[in-house]
Amino acid sequence: MKNRLLSVIGFCCSVLFAAAVQAGESVEELLQDMAKIQADPKAHAAAITQGQERGILCFSCHGENGNSKRDYIPNLASQNAAYLFTQFEHFGNGIRKDYVMSKLAKQLKDDERVAIALYFADREVKPREQPKQPTAAGKDLYYSVCFACHGEKGHGSKEYPRIAGQPYQFLETTLLNFLHKNNDRAGSPMIAVVANLKEEQLKEVAAYVSHMP
Ligand code: HEC
Ligand code: HEC
């Protein structure tokens, strides 16, 4: 009886959620759908459930709870949902390039991509061991440049990604790629941000950010 009741509730909620995301919508429209789902606790909970089911494809690398399994792979936990969603679109349409991610991004339906982003955004980042200790120079650079967009705590906002607690290796690789204008994220605003910094400074700030809770 209880199981039947739960499956009826599950069915109602997935209908509720599916109704919010329609076929053939633009990225802008999908982001608006996502914001509506987030504002409705029932639809949000249903989307998170669907995201956990469909996100199974992602767990081997990004971890079931969004804490990545390898240090070169970013955490998705607690990331801003709109950022997760748009980056996934970027892999799909070639604005951002990564062999595996670019293939995967083409395999999921619109409502699945929205649900998966909401699922990972709802998980928590767990502290992990980081290879490089933070320094005062890294902290100073963070609070003179980075905080303006990524926030006081590195938690980002609607417009900017969370970077706090990402694995050092991912941060270092990503920042050095921006510095050397590696073509993987060619149009990124970060390219201008790091243009006048030195490799060593980027490593120091990466170490500081990796230890931010
Ligand atoms: C084989 C490993 C692998 C699998 C499986 C995988 N990813 Fe990734 N993902 C990566 C790597 C590596 C990166 C970093 C790529 C880069 O920065 O160039 C990444 C980056 C991302 C990013 C960008 C995050 C950021 O902070 O910049 C998102 C979003 C993402 N993956 C979502 C997913 C989703 C959703 C799935 C499941 C459908 C998935 N990934 C499956 C390896 C994987
Ligand atoms: C002017 C605003 C701005 C400033 C200042 C800024 N960032 Fe960013 N940062 C962004 C934006 C926007 C993105 C998303 C980039 C994209 O879509 O390619 C980003 C992305 C990143 C990423 C990749 C995150 C991910 O998970 O994909 C890292 C790492 C990063 N920034 C670190 C830093 C550091 C360290 C500093 C200080 C040296 C800094 N940022 C300063 C706007 C900014």
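This is a predicted model: local features need pLDDT of at least 70, side-chain atom pairs count only at pLDDT 80 or more; totals for chains, interfaces and linings use all residues.
Residues are numbered from 1 along each chain as its sequence is written, chains are lettered from A and ligands numbered from 1 in the order in which they are written, and side-chain values use heavy atoms, with hydrogens and water left out.

Now for the iron atom of ligand 1. Its protein donors are His62 (NE2) and Met101 (SD), lying 2.0 to 2.2 Å from it. Donors here are N, O and S atoms within 2.8 Å of the metal (3.2 Å for Na, K and Ca), and since water is not among the atoms, sites may look incomplete. The six donor atoms make angles of 85 to 178°, and the site is octahedral. For the labels: six donors count as octahedral, and four as square planar, if opposite donors are over 155 degrees apart and all others between 65 and 115; four are tetrahedral if all angles lie between 85 and 135 degrees, and anything else is irregular. His62 sits in helix α4 and Met101 in helix α6, so this pair, 39 residues apart, links distant parts of the chain. Helices (H or I, at least four residues) and strands (E, at least two) are DSSP runs, numbered from the N terminus.

The cut-offs are under 20% relative accessible area for buried, over 50% for exposed, and partly exposed in between, using a 1.4 Å probe and protein chains only.

His62 also has a polar side-chain atom 2.8 Å from a nitrogen atom of ligand 1, while an N or O atom in the side chain of Arg96 is 2.7 Å from an oxygen atom of that ligand.

Over at ligand 2, the iron atom is coordinated by His150 (NE2) and Met190 (SD), at 2.0 to 2.2 Å. Why is this arrangement called octahedral? Because the six donor atoms subtend angles of 86 to 179° around the iron. His150 belongs to helix α8 (residues 136–150) and Met190 to helix α10 (residues 190–194), and the two are 40 residues apart. His150 is buried, with a relative accessible area of 11%.

Asp122, in the loop between α7 (110–121) and α8, is partly exposed at a relative accessible area of 39%. Asp122 and Ile48 are 74 residues apart in sequence, but their C-alpha atoms are 7.8 Å apart in space. Pro167, in the loop between α8 and α9 (168–179), is buried, with a relative accessible area of 0%. Pro167 and Asp71 are 96 residues apart in sequence and 5.3 Å apart, C-alpha to C-alpha.

Methods. A polar contact is a pair of N or O atoms within 3.5 Å; within protein, one must be able to donate a hydrogen and the other to accept it, and residues adjacent in sequence count only if both atoms are side-chain atoms.
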